[in-house]
Amino acid sequence: MANKIINNGLSAFILVIWMGINIFLFVWFYLFYDLGDQFFYTRHLLGSALAWARAPAAVLNFNCMLVLLPVCRNLLSLIRGSFMCCGRTIRKQLDKNLSFHKLVAYMIALMTAVHVIAHLLNVEWYNNSRLGVYDKLSTALSDLEDTENTTYLNPIRKTDIDPQQIPTYLVFTTIAGLTGVIITLALILIITSSMEVIRRSYFEVFWYTHHLFIIFFAGLVFHGAGRIVRSQQTTDPPHNFTFCKDRTDDWGRIPECPIPQFAGGFPQTWMWVIAPMVLYLCERLLRFIRYMQTVTYRKIVMRPSKVLELQLVKSGFKMEVGQYVFLNCPAISQLEWHPFTMTSAPEEDFLSVHIRSAGDWTDKLIDIMQKLPEGAQGPKMGVDGPFGTASEDVFDYEVSMLVGAGIGVTPFASILKSIWYKFKDSNPKLRTRKIYFYWLCRETHAFEWFADLLQVLEKEMEERGMDHFLTYKLYLTGWDQSTANHVKVWVDDDTDVVTGLKQKTHYGRPIWDKEFEQVRKENPTSVVGTFLCGPQVLGKVLEKKCAKYSDVDPRKTKFYFNKENF
Ligand SMILES: Cc1cc2nc3c(=O)[nH]c(=O)nc-3n(C[C@H](O)[C@H](O)[C@H](O)COP(=O)(O)OP(=O)(O)OC[C@H]3O[C@@H](n4cnc5c(N)ncnc54)[C@H](O)[C@@H]3O)c2cc1C
Ligand code: HEM
């Protein structure tokens with residue numbers, strides 16, 4: 001429990017603050033419009049509908065300001081870099097950027113629903129008021145308007161338009177109405193196409209529809225600027241109702257009230273969103289600049305199980321272990337950027353990625369590369385990044401447990417390579433004194449991607465008498481009878497029959513309780529960073545184990561869970 005609080009405490013704190021601000025804005029603005037003297041007259045016409053429209057609008061402004069920030073990857077990298085020396089917990093929060101982005105987006109959806117319904121009622125009630133359905137006073141004033149040809153209630157005169165047409169009329173003829181329809185439609189499309197099932201199965205549909213956010217934000221800026229109710233000046237209450245009431249004529253009319261300033265100068269929508277919009281624009285500009293920079297191919301290797309290794313050179317490119325880049329190959333698509341974790345080490349003068357065939361884009365890339373003549377340069381490749389992930393923090397812990405599933409081994413390949421460089425050149429001054437590495441693969445060929453790296457590493461550690469530094473275990477989770485028979489024949493060999501490594505491959509899944517128990521026993525007073533790059537189900541299992549095997553006593557073993565999903 002204590003560990004869960006440590007692992008999730010800051011997230012909960014941030015959520016409470018965010019929710020607190022949302023509730024505060026809603027309640028404050030609701031009361032402001034519902035109880036404020038200055039809105040006496042509007043309430044008279046519209047009931048609580050104005051309050052129900054303006055309160056979510058305030059929450060919407062706040063969340064629309066937030067929604068772009070978690071997708072500003074360079075900004076996040078900058079913040080992450082600023083906390084490199086300390087603040088592991090803060091850095092961990094940055095990895096939850098997309099969860100926060102989704103949460104904020106759902107709040108936008110909820111508040112939009114409330115706002116839209118309230119405005120529809122607003123228009124409806126306003127219309128009814130104009131028809132005198134609710135109130136004798138408004139009917140009387142309305143009639144007076146007609147006889148005197150003056151505007152007391154509203155600049156739109158009852159006789160000017162067919163009252164039945166008002167809702168449609170307002171929606172399609174005012175800036176606020178029209179932009180409201182456009183941004184609501186854009187939002188519906190963004191939200192529905194962002195569902196997990198669509199994102200996983202039809203990423204392109206999600207991706208292209210998501211770009212309606214440009215229309216959403218453009219519409220939002222104009223929407224906030226053209227409030228319908230405000231533009232009907234005299235239906236809005238005067239700033240100081242009492243003052244105006246004093247100035248009523250013998251008939252009790254309010255002839256010349258000042259145009260109200262809503263919420264005492266409360267910032268308009270564009271003021272809320274302009275800064276994040278500019279920040280996000282800078283991100284896209286930076287992406288474009290990076291796309292234009294020259295990238296050359298150092299090596300193109302086809303690995304077993306349809307995995308492509310690309311070694312690329314880009315001048316001035318610097319990386320940390322476990323980071324990822326976005327690749328854009330205009331020969332396949334000019335708009336699509338795909339993320340891949342780098343498998344090279346910071347000590348190397350190139351960057352490498354291992355790309356597994358997973359769908360249209362990766363298949364086409366593999367196809368293009370396979371058709372290239374030996375030694376030829378590949379097609380133009382744009383590289384954006386690098387961007388940080390939780391795996392960057394591996395060397396911050398005394399002890400680290402690294403768990404990679406299938407292609408999820410990529411961040412750890414970078415880490416293991418970096419360890420090799422560190423040990424090769426000198427005796428490194430590392431905070432980390434022990435690494436446990438678990439690699440789970442469905443099929444034997446997958447181990448070939450990095451088996452040579454493990455072999456070199458194993459030899460280097462042995463020569464330096466550092467074999468206690470790294471414990472690695474490979475698990476073959478999918479195997480058939482013929483593999484089993486093959487293994488039985490070679491079981492007495494010094495090296496493993498599948499990988500050629502000294503460590504024997506395990507068959508089946510790890511028994512996590514046994515593994516955590518062993519790590520705890522071997523490191524009774526250490527803080528252990530547990531890193532996963534693999535499926536979410538495995539993440540849930542490991543998170544639970546981290547909590548279960550962490551001791552309440554702060555002087556004893558603690559497991560901190562970090563994860564990265566592809
Ligand atoms: C941070 C990160 C690091 C990754 N590192 C690696 C790696 O080292 N090696 C590797 O083989 N794969 C990696 N992936 C996965 C890789 O990005 C996808 O396999 C690839 O984008 C698939 O594209 P596709 O059009 O071929 O397949 P699709 O059929 O379009 O998609 C297959 C799967 O990939 C996801 N996906 C597709 N496009 C994207 C995208 N632009 N951004 C995010 N997810 C996408 C989809 O949701 C789906 O689950 C990583 C993903 C992330 C988020
Ligand atoms: C108000 C609604 C939303 C807006 C304005 C919005 C906007 C954005 C923007 C600008 C990006 C960055 C694109 C890029 O830089 O290439 C993005 C990315 C993303 N959004 Fe949204 N979004 C919204 C709703 C949602 C919802 C509801 C979800 C999911 C439930 C979602 C999930 C994502 C994901 C997963 C990414 C990252 C994609 C990637 O880079 O892999 N968004 N969004």
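**Strand pairing and ligand surroundings in a predicted model**

In the hairpin formed by strand 1 and strand 2, three residues lie between the strands, and Ser 305 takes a positive phi near 60 degrees. Ser 305 is not a glycine, and is found in the loop between strand 1 and strand 2. Strands (E, at least two residues) and helices (H or I, at least four) are DSSP runs, numbered from the N terminus. The model is predicted, so that local features need pLDDT of at least 70 and side-chain atom pairs count only at pLDDT 80 or more, whereas totals for chains, interfaces and linings use all residues. Residues are numbered from 1 along each chain as its sequence is written, chains are lettered from A and ligands numbered from 1 in the order in which they are written, and side-chain values use heavy atoms, with hydrogens and water left out.

Strand 1 (residues 296-303) and strand 2 (residues 307-313) pair in the antiparallel sense over seven bridges; two strands pair if DSSP finds at least two bridges between them. Within this pair, Val 301 stands opposite Glu 309 of strand 2. A cis peptide bond joins Gly 385 to Pro 386, with omega near 10 degrees. Pro 386 belongs to strand 6 (residues 382-387).

Six strands form an open sheet with parallel pairing, in the order 10-9-8-7-11-12. Strand 10 (506-507) and strand 12 (558-564) stand at the edges with a single partner strand each, so one side of each is left without a neighbour in the sheet. Strand 7 (residues 399-405) runs parallel to strand 11 (residues 527-533) and is joined to strand 11 by six bridges. Ser 400 stands opposite Gly 529 in strand 11. Helix 20 (residues 512-522) lies across strand 7, strand 8 (434-441), strand 9 (470-476), strand 11 and strand 12, where contact means heavy atoms within 4.5 Å. Helix 20 runs at about 170 degrees to strand 8; axes are lines fitted to C-alpha atoms, for helices over the stretch in contact, and angles run from 0 to 180 degrees between N-to-C directions.

Around ligand 1 there are 21 residues, of which Arg 199, His 338, Pro 339, Arg 356 and Thr 362 are the closest; a residue is near a molecule if one of its heavy atoms lies within 4 Å of it. Strand 4 (338-341) supplies the largest share of this shell, four residues. Polar contacts are pairs of N or O atoms within 3.5 Å. A backbone N or O atom of Arg 356 lies 2.8 Å from an oxygen atom of ligand 1, and a polar backbone atom of Gly 359 lies 3.2 Å from an oxygen atom of ligand 1. Taken alone, ligand 1 exposes 860 Å², and the protein buries 86% of that; the areas come from the Shrake-Rupley method with a 1.4 Å probe.

Polar side-chain atoms lie 2.3 Å from an oxygen atom of ligand 2 in the case of Arg 73 and 2.6 Å in the case of Tyr 280. For Arg 284, an N or O atom in the side chain is 3.4 Å from an oxygen atom of ligand 2.

How values were computed: A polar contact is a pair of N or O atoms within 3.5 Å; within protein, one must be able to donate a hydrogen and the other to accept it, and residues adjacent in sequence count only if both atoms are side-chain atoms.
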